[in-house]
Amino acid sequence: MCGINGFTFSDPDRLRLMHAVTKHRGPDDEGFFETDGISLAHNRLSIIDLSPGGHQPMTSSDGRYTIVFNGEIYNYRELKALLEGMGTQFRTSSDTEVLLAAFACWGEECFKKMNGIFALAIWDRDERKLTVARDHIGVKPLYYHWDGSRFSFSSELKALFVHDLSREIDRDALQLYFRLLYVPGPRTMFASIKKLQPGHIATIQNGTLTIRQYWQLHEGTPFSSYREGVEAVREGVKRAVSRQLVSDRPLGVFLSGGIDSTAILGVMRGMTNSTIKTFTVGYDTDVQSERYNADADLAAKTATTFGTEHHTFKLSAHEAMEHLQEIAFHMDEPIANHIQSSTFLLARLAKPEITVALGGDGGDELFGGYPRYWWSTQIDRIQRLPLMKNRHVMSFLVGTVLGKPQDLPKFLSRPGIDRHLAFIAQKEEAIRRIVKPGVIQGDMLRETFAPLFEPAWKDATNQLMATDIATWLPDESLIRTDKLTMASALEERVPLLDPELVELAFRIPSAWKLGTKKQGKRIFIDAMRPFLPDHILREEKRAWLSPMAKWIRGPLLPFMREVLSPSYNPETVAYLDFEGLGQMLTDHVEHRRYALNELWAAVSFQLWYKAFSRL
C-alpha cells in the first residue's frame with residue numbers, strides 16, 4: 001500500500017508538495033520521476049519485496065514504461081510465471097515489476113488479468129501517453145483533476161489542492177450526500193475534482209482525456225444445484241484468503257463478532273500454524289455496555305476458539321470526539337458514519353503489531369446479508385397477491401398490521417431503481433430540516449442510479465446487491481477502510497471482494513442467499529460452516545452498533561452544540577438550516593425523535609468543511 005501522485009506537466013515544487021501531503025500512506029521509501037510531459041511521485045509502504053528492488057517509480061528495462069502503483073497484485077506469481085514462459089526476464093521479486101511487464105506485454109488488457117487491489121499510473125515514453133487505472137471493485141481510491149489540457153491525480157483528494165484548484169462545492173454532490181450520507185462517484189464534494197470509477201481506465205494523450213470501463217459485474221449463469229453453489233463458495237473463499245496471505249510484513253485480522261471476519265479467520269487458521277494476531281474494538285460506556293460490547297465479546301470468544309493473540313481496544317466518548325477533526329481531514333470526503341472513530345483508532349492500535357490486516361468487508365453485499373434484500377423479495381410476493389393491488393388495502397396492511405406507515409413507499413415500490421431508492425435514500429422530510437430552502441433543487445438520485453438498472457436483471461434482488469457493490473461499497477465503506485487504516489500506514493485487505501469470488505457470487509440465485517429477515521447469507525453460512533464456531537452460528541445478524549446516539553445525549557452534547565452552530569463555519573450558513581438542526585438535536589436528546597443519521601450527516605459535513613475549506 002502506498003500513495004501515488006502525478007501530473008502531465010513539469011513543476012518539481014508542486015510534485016513534492018503533493019508527495020508530502022500523502023507521506024503517511026508510505027513512510028518506508030519515496031521516489032520521483034520527472035521528464036518532459038510527466039511528473040510522478042511515490043510514497044512506499046513496503047509489503048512485498050522489502051528490498052530496494054521494489055522502489056518506485058519503476059521503469060522497464062528498455063526505458064519505455066514507468067509506473068507508480070498503490071496496492072497489491074495477489075496473482076503476481078502466476079502472471080510472472082506466464083510472462084517468463086513468454087521470454088520476459090525479471091530483476092526483482094516485486095509485484096510492481098510484474099504489473100509493469102504485464103502492461104508492456106498486453107497493454108490495457110492486462111488489467112482484466114489482475115487479481116488484486118490497485119490504483120496506478122503508467123507513462124509510455126514512446127507514445128507520450130499516461131494510463132491510469134483503478135481496481136475492479138474500487139478498494140483503492142484515485143482522485144483526479146482535468147482542466148481540458150492538463151491532468152493531475154492522487155491517492156488522496158487533499159493533495160490536489162496544491163494546484164490552487166477551485167473550492168467550489170458541487171451542488172449536485174451536496175444533495176446526493178444528504179440523501180445518501182456519502183457522495184457517489186465520479187463526483188466528489190468539489191466540482192473541480194473527480195474520482196476514477198472502479199474498473200475504469202483513463203488515458204491522457206495529445207491533450208485528450210478518454211475514460212472507459214474494463215470490468216463490469218454481470219448477472220452470471222446460475223449453478224445447477226445448491227450443493228454445487230455451496231462447494232463453489234467454499235473453494236472460492238479458500239482461494240481468496242490463500243492469495244491474500246502473501247506478505248513480507250506481519251499480518252493479522254480485524255475480527256468482529258460476525259460471520260464474515262470469523263469465516264476469514266477460520267479459513268486462515270487452517271492454512272497456518274503460526275501465531276495469528278486479531279484485533280477488535282469495544283466501547284467504554286456505562287450505558288447499555290453489554291449491548292454495545294456484544295460484538296467485541298463474541299470476537300474475544302472466537303479468538304479463544306482459534307487460539308489467536310487477541311487485542312481489544314475500548315473506545316470512550318472522549319476519544320471518539322477527540323479525533324473527529326483529524327478523521328475528517330484523512331477522509332477527504334464527508335461520510336456520515338458514526339463508527340469512523342472506531343476504525344481509525346483500531347488501526348492505530350494494530351499498527352505496532354502488524355502492517356497488513358484482513359477484514360470481512362463485502363460479505364453482506366455479495367451474499368444478501370442486509371435485511372432490505374430479504375424485505376424486497378417479500379414485497380414482491382405481497383404485491384403479487386390480488387388483494388394487495390389495492391393501494392388502500394396495502395396502506396392498511398403496512399400502517400396497521402406492520403405498524404410502520406412510514407414504510408408504505410417501500411411496499412408500493414416496483415422492482416429495480418424504485419425499490420433501491422425506497423430503501424437507501426434518506427427521507428425528504430428529514431433532509432428539508434437539515435438544509436436551507438433552495439440548496440436541493442431537482443433530484444439527482446434517479447440520474448445517478450438509473451444506468452445500474454439498465455438492463456433489468458432476471459434476479460431483481462441480486463441486482464440490488466450488485467448496485468450496492470458498484471456504489472455504496474467503494475464510495476462509503478471501502479473509502480472509509482482505506483483512508484482510516486492508511487492514516488496509520490496500515491493496509492487492510494478484503495478477501496471476500498476478490499474479483500473471482502465476486503463474479504462467482506452472482507451466479508448464485510438470491511433465493512439461495514437470503515435466509516430469514518434476522519439472518520441472511522444462507523449459502524455463505526452453509527459454505528463456511530466447517531470454519532465457524534457454534535457460538536457464531538447461533539447469533540443473528542446485527543449491525544456494528546456504537547453508543548454514539550447515547551453519547552450525543554450525554555458527554556458529546558456540548559461538542560454537538562458547538563459544531564451545529566452557525567459560528568463554527570460561518571460560510572455553511574448558506575447550506576445548513578441551523579435552527580432546524582438545533583430543534584432536531586433537542587428532539588433527539590429529549591427522546592422525542594431519534595435523529596442520529598441526520599445529525600451525524602450535518603456534523604460530518606461541518607467537520608469536513610472546516611478541514612478543507614482553507615487548504
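1. E72 and R493 are both buried, where buried stands for under 20% relative accessible area, exposed for over 50% and partly exposed for what lies in between, with a 1.4 Å probe and protein chains only. Their side chains meet in a salt bridge, with 4.0 Å from N to O, the term requiring a side-chain nitrogen of Lys or Arg within 4 Å of a carboxyl oxygen of Asp or Glu. The pair links distant parts of the chain, since E72 belongs to strand β5 (residues 65-73) and R493 to strand β17 (residues 491-493), 421 residues apart.

2. Some conventions should be kept in mind: this is a predicted model, in which local features need pLDDT of at least 70 and side-chain atom pairs count only at pLDDT 80 or more, whereas totals for chains, interfaces and linings use all residues. Residues are numbered from 1 along each chain as its sequence is written, and side-chain values use heavy atoms, with hydrogens and water left out. Helices (H or I, at least four residues) and strands (E, at least two) are DSSP runs, numbered from the N terminus.

3. A salt bridge also joins E108 to R212, with 2.5 Å between the closest N and O atoms. E108 sits in the loop between α3 (95-106) and α4 (110-113) while R212 is in strand β12 (residues 208-213), so this pair ties together parts that are 104 residues apart in sequence. R212 has 31% relative accessibility and therefore counts as partly exposed.

4. For D418 and R446, the closest N and O atoms of the salt bridge are 2.6 Å apart. The pair links helix α17 (residues 417-424), which holds D418, with helix α19 (residues 444-449), which holds R446, across 28 residues. Both partners count as partly exposed, D418 at 30% relative accessibility and R446 at 42%.

5. How many salt bridges does the structure hold? The count is 46, and R25, K140, E156, K158, D332, D482 and K483 are linked in a network of them.

6. Helix α12 (residues 340-350) and helix α21 (residues 472-486) have axes that come within 8 Å and cross at roughly 40°, which makes α12 oblique to α21 (under 35 degrees would be roughly parallel, over 145 roughly antiparallel, 65 to 115 roughly perpendicular, and the rest is oblique). The contact (heavy atoms within 4.5 Å) is made by Q340, T343, F344 and A347 of α12 together with R480, L484 and T485 of α21.

Technical notes
Axes are lines fitted to C-alpha atoms, for helices over the stretch in contact, and angles run from 0 to 180 degrees between N-to-C directions.
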